Amino acid sequence: SSHLVLSATTKQSDMRDAVKYFSRLHPQTYIFTKLDETRQRGGILDQILDYPLPVSFVTTGQNVPDDIVRATKRNLSRLMVNRSRYLS
């Protein structure tokens, strides 16, 4: 499967452009990176609502692979309300 990897720090208009540019590769999921570098989570939610794809993973820090987190409903909901950058 292919993933569209987007930084959480990217402007919404640039995220939309990335979907258009990479749509021919038929990504099946999103991976959102750099969640530790921004407290703004609305761009992620807007992206998912505007261009629906499931989210497979998020990254929450610089320590790979320790900071790669599977995107469960629980983890994503905690991220959206900024309750924790450290997820299970």
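Lys-11 and Asp-14 join their side chains in a salt bridge, 3.9 Å from N to O. The term covers a side-chain nitrogen of Lys or Arg within 4 Å of a carboxyl oxygen of Asp or Glu. This is a predicted model: local features need pLDDT of at least 70, side-chain atom pairs count only at pLDDT 80 or more, and totals for chains, interfaces and linings use all residues. Residues are numbered from 1 along each chain as its sequence is written, and side-chain values use heavy atoms, with hydrogens and water left out.

The whole structure holds 2 salt bridges. Asp-50 and Arg-16 form one of them, at 3.2 Å from N to O. This pair links distant parts of the chain: Asp-50 sits in helix α2 (residues 42-50) and Arg-16 in helix α1, 34 residues apart. Helices (H or I, at least four residues) and strands (E, at least two) are DSSP runs, numbered from the N terminus.

Accessibility classes follow relative accessible area: buried is under 20%, exposed over 50%, partly exposed in between (1.4 Å probe, protein chains only).

| Residue | Relative accessible area | Class |
|---|---|---|
| Lys-11 | 53% | exposed |
| Asp-14 | 36% | partly exposed |
| Arg-16 | 30% | partly exposed |
| Asp-50 | 39% | partly exposed |
| Tyr-21 | 56% | exposed |
| Leu-79 | 1% | buried |

The largest nonpolar core has 15 residues; Leu-6, Tyr-30, Phe-32, Leu-35, Val-55 and Val-58 touch the most other members. β1 (3-7), α1 (12-22), β2 (29-33) and β3 (55-59) each give at least two residues to this core. The largest share, 3 residues, comes from α1. Such a core is a set of buried Ala, Val, Leu, Ile, Met, Phe, Trp, Tyr and Cys residues joined through side-chain atoms within 4.5 Å.

Strand β2 is mostly covered, with 5 of its 5 residues buried. Thr-29, Ile-31 and Thr-33 point one way, Tyr-30 and Phe-32 the other. β1 and β2 run parallel, joined by 5 bridges; strands pair if DSSP finds at least two bridges between them. Ser-7 stands opposite Thr-33 of β2. Beyond four places in sequence, Phe-32 touches residues including Leu-6, Met-15, Ile-44 and Val-55, where contact means heavy atoms within 4.5 Å.

Leu-79 belongs to helix α3 (residues 73-80). Leu-79 and Thr-60 are 9.8 Å apart, C-alpha to C-alpha, and 19 residues apart in sequence.

Finally, the surface. Tyr-21 lies in helix α1. Tyr-21, Phe-22 and Leu-25 make up a nonpolar surface patch, with about 360 Å² of accessible area together. Patch members have over 30% relative accessible area and no salt bridge; like charges are joined within 9 Å, nonpolar side chains (Val, Leu, Ile, Met, Phe, Trp, Tyr) within 5 Å.

Methods. Accessible areas come from the Shrake-Rupley method with a 1.4 Å probe; for residues, only the protein chains shown count as cover.
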